[in-house]
Amino acid sequence: MKFDILTSFMQEGPLTFDIKGGCMQAVLPDGSQVRVERRGWYVPGDIVTFRRGENGIATHRILGYVPGRGGWRILTRADEAQRADAPVPLACVLGRVTGIDGHAYRPGLRDRLRALGMWPLAALTWMWGRHAG
């Protein structure tokens, strides 16, 4: 329910969220405000806000895409985490972070290359776990 309401508001324009926690500490310190805008497609290195579980919302970096039931899913990971998150259906993505604490934000080339470099291992680990279990 909460996610459906947020998705509806995202259709009207960007939303602002408060960041809680330190998993993205280097870029998004605890207490930061982020501006999130809906996009048609997201690329590795983008930081996106998405539904996590039934009522959770997370803001993590995209590593890349993997195929899933019903279409493509994104692999995300918090910058401070050791492992990638479970793949996220595109329908669960609210949008991309385009501002932090009132300043425009766009990932740099280093952020994008780092994310792309992490994607193969994260994708293989996910695929192995999916087929091994």
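This note goes through the fold, the strand pairings and a few individual residues of a predicted model.

1. **Confidence.** The model is predicted, so its scores come first. The mean pLDDT of the protein is 88, and 89% of the residues score at least 70. Strand 8 (residues 103–104) has the highest mean pLDDT, 97. Helix 1 (residues 2–12) has the lowest, 65. Where pLDDT is low, the predicted coordinates should not be read in detail.

2. **Overall layout.** The protein has two helices and eight strands. From the N terminus, the order is α-β-β-β-β-β-β-β-β-α. Of the 133 residues, 41% count as buried. The accessible surface is about 8,000 Å². Carbon and sulfur atoms hold 56% of that surface. Take the contacts in the protein with a separation of 6 or more: 54% of them join residues 24 or more positions apart.

3. Strand 1 runs antiparallel to strand 2 (residues 33–37), and four bridges join the two. Within this pairing, Arg35 of strand 2 stands opposite Thr16.

4. **Strands 3 and 4.** Strand 3 (residues 47–52) and strand 4 (residues 56–68) are antiparallel, with six bridges between them. Val48 has His60 of strand 4 as its bridge partner. Three residues lie between the strands of this hairpin. Gly53 in the hairpin takes a positive phi near 75°.

5. **Strands 4 and 5.** Strand 4 also pairs with strand 5 (residues 71–77), again antiparallel, over seven bridges. Pro67 faces Trp72 of strand 5, and Arg61 faces Arg77 of strand 5. This hairpin has two residues between its strands. Gly70 takes a positive phi near 85° there.

6. **Strands 5 and 6.** Strand 5 pairs with strand 6 (residues 88–89) in the antiparallel sense. Two bridges make this pairing. Arg73 has Pro89 of strand 6 as its bridge partner.

7. **Arg61: buried or exposed?** Arg61 sits in strand 4. Its relative accessibility is 3%, so Arg61 counts as buried. The cut-off for buried is under 20%. A polar atom of the Arg61 side chain lies 2.8 Å from the backbone oxygen of Gly45.

8. **The aromatic pair.** How many aromatic pairs does a search of the whole structure find? The search finds one. Trp41 and Tyr65 form this pair, and the pair is stacked. The ring centres are 4.5 Å apart, with 5° between the planes. Planes under 30 degrees apart count as stacked. Trp41 lies in the loop between strand 2 and strand 3, and Tyr65 lies in strand 4, so the pair ties together parts that are 24 residues apart in sequence. Tyr65 counts as buried because its relative accessibility is 13%.

9. **Thr98.** Thr98 belongs to strand 7 (residues 93–100). Its relative accessible area is 11%, so Thr98 is buried. Which residues touch Thr98, leaving aside neighbours within four places in sequence? The contacts are Arg35, Glu37, Arg39, His103, Ala104 and Tyr105. Thr98 and Val48 are 50 residues apart in sequence. Their C-alpha atoms are 9.2 Å apart in space.

10. **Asp101.** Asp101 lies in the loop between strand 7 and strand 8. Its phi is near 50°, a positive value in a residue other than glycine. Most residues other than glycine have a negative phi. At 45% relative accessibility, Asp101 counts as partly exposed. That class lies between the cut-offs of 20% and 50%.

Conventions
Residues are numbered from 1 along each chain as its sequence is written. This is a predicted model: local features need pLDDT of at least 70, side-chain atom pairs count only at pLDDT 80 or more; totals for chains, interfaces and linings use all residues. Side-chain values use heavy atoms; hydrogens and water are left out. Two strands pair if DSSP finds at least two bridges between them. Buried means under 20% relative accessible area, exposed over 50%, partly exposed in between (1.4 Å probe, protein chains only). Contact means heavy atoms within 4.5 Å. Accessible areas come from the Shrake-Rupley method with a 1.4 Å probe; for residues, only the protein chains shown count as cover. Rings of Phe, Tyr and Trp (its six-membered ring) pair if their centres lie within 6.5 Å; planes under 30 degrees apart count as stacked, over 60 as edge-to-face and the rest as tilted. pLDDT is the predictor's confidence in each residue, from 0 to 100. A polar contact is a pair of N or O atoms within 3.5 Å; within protein, one must be able to donate a hydrogen and the other to accept it, and residues adjacent in sequence count only if both atoms are side-chain atoms.
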